[in-house]
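Good morning. I will go through one structure, starting with sheets and ending with a single residue. Please have the viewer open.

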Amino acid sequence: MIADGVRAIWCREFERDDIGPDDDFFALGGQSLIMTKIQGAYIEELGAEVPMDQMFLNPTIASISAYIESSR
Amino acid sequence: MILQGKRVALPPNPVVHRRFEEHARATPDAVAVFRAGERTTYAELDARANRFARHLAARGVGRGAKVGVCLDYSADLLVAVLGTLKAGAAYVPFDPAYPPARLRLLLDQVPGLALIVASPATAGLIERAPVEVTGFEELSERLAALPATAPAIEVTGDDLCYAVFTSGSTGTPKLTAVRHEGWFNLMNWLQLEYGLHQGSHNLVVSAFGFDLSQRALMTALFCGATQYFTTSRNFDPMLAYRMLGEHPIRTVHCASSTLYLLVDWETARGGDALTRLDYVLFGGEALKAERLTDWARREGNTCTLLHQYGVAECTDVATSYDLAGYRPGGHEVAPVGRPAYNTAIHLLDEALRGVAPGEQGEICISGTGVGAGYLGAAGPENAKFTTVEADGEPLRLYRTGDRGRVNADGDLVVLGRIDAQVKVRGMRIDPADVERALARLAGVREAAVAVTRTAAGEAELSAFVVPAGADLAEDDLRARLLADLPRNMVPARFTNIPRIPLSPHGKVDRAALADAIARGL
């Protein structure tokens, strides 16, 4: 499941393990440094190139996972 | 204390779009804009901008008017910008990544706003626009019917060229305007001082609303080079880095925090696209040299880092420093160097008298770049633009509110904000000075210092440290700081935290830290 991989990346970068599928990236305190790390992790760990604009448009684990799924 | 930049004569009519037009005549087939595989030549861009200028002029939009531009980076955006300048008006950039409510708030603050240029992708962001919103799609037939030659509209170096919103220290956005002469002088200095030329192609990576983006956008066209755009609305390290690798881009202008992200991207993946650049021109916040050191020392790195300082009110960049001359690890922060051509830096005390060499003072800027001031409602803020007497002559200068001094090499060093200083037991202290001292201690990766209040209401300092390894003991930190700092500058309390909270703009969120203390963290 893509969503599991995405969640693992988010939990690592935010250093917390209680992130739900519909939690908002920015409400969690996300900013450009974390976004960049997550963007890199998507490439290296999920083989997915996710443009930053898509990360802004899809700020939850559920929505970005759906985007990654659909872009394959 | 005065640092005087070189005096370099400008052409009799230093108007930015005239320089672009000279290139359009000399090298009409050179590529002016590249985006998503699409190339626009100088001749094409010039012709489109001429038509748009004629359209504006026919509607009575000329000198004194403002044209809002809310477009994604594209040839269209440059047509809107250059056409506005050719019509004699000034443009106001609006970042399409802003939330609609924010855009609306800003638009309402623009005096003399004549119209807004938007695209199908951006027009929907502007709710209840105060003036007409139009786009090149709707205008295409009308524009095609207009002559492609430049309209005969006289524009002088004194006319406004653009106005940008600056958040200032109060957080309330203010619209600050600059003049053609100042903008021309800035790009003329960069071109001559750093040898930029027709091959100095540039990639824009910063959001359109920022002051630095205006220079980033126009310097390549000022030099006859190509302006490259990514296809993203938000800064995208993956896409930006790919562009650097695939195209003959030589320069990038960006905020310090953006440079760190690009450096991290390259370091993590082992490319060399960034190291092969000629210049990165960056600044805007206190330099974190440790974020750049390893990268800067990489073998074969030919990229010159220009660490720059300036304010939007004085046409963006006022000083520049080649970081190759900086050895981090000392007790000195990285300098921001020497003034631009026709620009002077004055270090003044509270009575606007010059301080002695080596002493700290408020950084004030005089010269060609000093802008036209704040437009609209924020009139009283214009008191920051003041006139002093120099050699018996009145001299207009801008008080930045920044604190600095000139080091032994004759370079400007920025130390912090005047208004960030707090009195702790009678001594004026800037938390930034304490942060720097903390960050130099072994075992400290990063540090932030917030001003908090004791139960009795007195100001005190609270330090937050991100340890490089194990948590650091309060007594140990205090003892080591006392070796470097006066007692009043040593924080009352120390807290280990996993990371420094940042505001949405990527700056240290001291308010959040002070809050945490107030809540009894």
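Two strands count as paired here if DSSP finds at least two bridges between them. With that criterion, chain B has an open sheet of nine strands, in the order S3-S2-S11-S10-S12-S13-S14-S15-S16, and the pairing is mixed. Strand S3 (38-41) and strand S16 (338-339) of chain B are the edge strands, each pairing on one side only.

Before going further: this is a predicted model. Its scores are ipTM 0.93 and pTM 0.87. The average pLDDT of chain B is 91, and 96% of the residues score at least 70.

Strand S2 (residues 31-35) and strand S11 (residues 227-229) of chain B run parallel and are joined by three bridges. Within that pair, Arg35(B) is opposite Phe229(B) in S11(B). Helix H8(B) packs on this sheet, where it touches S2, strand S10 (202-204), S11, strand S12 (251-255) and strand S15 (316-322) of chain B. The direction of H8(B) makes about 150° with that of S10(B).

Which residues of helix H1 (residues 16-26) of chain B are buried? They are Val16(B), His17(B), Arg19(B), Phe20(B), His23(B) and Ala24(B). Around the axis they cover an arc of only 155°, so they sit on the same side of H1(B). Arg25(B) and Ala26(B), on the other side of H1(B), are exposed. And what do the buried residues of H1(B) pack against? The partners, in chain B, are helix H2 (42-58), helix H3 (75-86), strand S8 (160-166), helix H7 (180-194) and helix H8 (211-223).

Next, a covered strand. In strand S4 (residues 66-70) of chain B, five of its five residues are buried. Lys66(B), Gly68(B) and Cys70(B) point one way from S4(B), while Val67(B) and Val69(B) point the other way. S4(B) pairs with strand S5 (residues 90-93) of chain B in the parallel sense, over four bridges. There, Val69(B) is opposite Pro93(B) in S5(B).

Further along chain B is an open sheet of three strands, ordered S25-S26-S27, again with mixed pairing. Strand S25 (444-453) and strand S27 (493-496) of chain B are at the edges with a single partner strand each, so each has one side without a neighbour in the sheet. From one strand to the next, the twist averages 25°. Strand S26 (residues 459-467) of chain B pairs with S27(B) in the parallel sense, with four bridges. Ser462(B) is opposite Arg493(B) in S27(B). Helix H12 (residues 431-439) of chain B packs on this sheet and touches S25 and S26 of chain B. The direction of H12(B) makes about 150° with that of S25(B).

Now the contact between the chains. How many residues does each chain put into it? Chain A gives twelve residues and chain B gives 17 residues. On the side of chain A that touches chain B, helix H2 (32-46) and helix H3 (52-57) of chain A each supply at least two residues. H2(A) gives the most to that side, with five residues. By type, the residues on that side of chain A are four nonpolar, five polar and three charged.

H2 and H3 of chain A also have a part inside chain A. In helix H4 (residues 61-71) of chain A, the buried residues are Ile61(A), Ile64(A), Ser65(A) and Ile68(A). Seen down the axis of H4(A), they fall within an arc of 105°, and therefore line one face of the helix. Their cover includes helix H1 (2-14), H2 and H3 of chain A.

The last item is Ala62(A), which is also in helix H4 of chain A. Why is Ala62(A) classed as partly exposed? It has 15 other C-beta atoms within 10 Å, and a residue is partly exposed when that count lies between the limits of 12 or fewer for exposed and 20 or more for buried. Leaving aside neighbours within four places in sequence, Ala62(A) is in contact with Ala3(A), Pro21(A) and Asp22(A). Ala3(A) is 59 residues from Ala62(A) in sequence, yet the C-alpha to C-alpha separation is 6.7 Å.

Note on methods
Residues numbered from 1 in each chain as written. Chains lettered and ligands numbered in written order. Predicted model: local features only at pLDDT ≥ 70, side-chain atom pairs only at ≥ 80, totals over all residues. Arc of directions from axis to C-beta. Contact = placed C-beta atoms within 7 Å. Nonpolar A, V, L, I, M, F, W, Y, C, P; charged D, E, K, R; others polar. Axes fitted to C-alpha atoms, helices over the stretch in contact; angles between N-to-C directions. pLDDT = per-residue confidence, 0-100.
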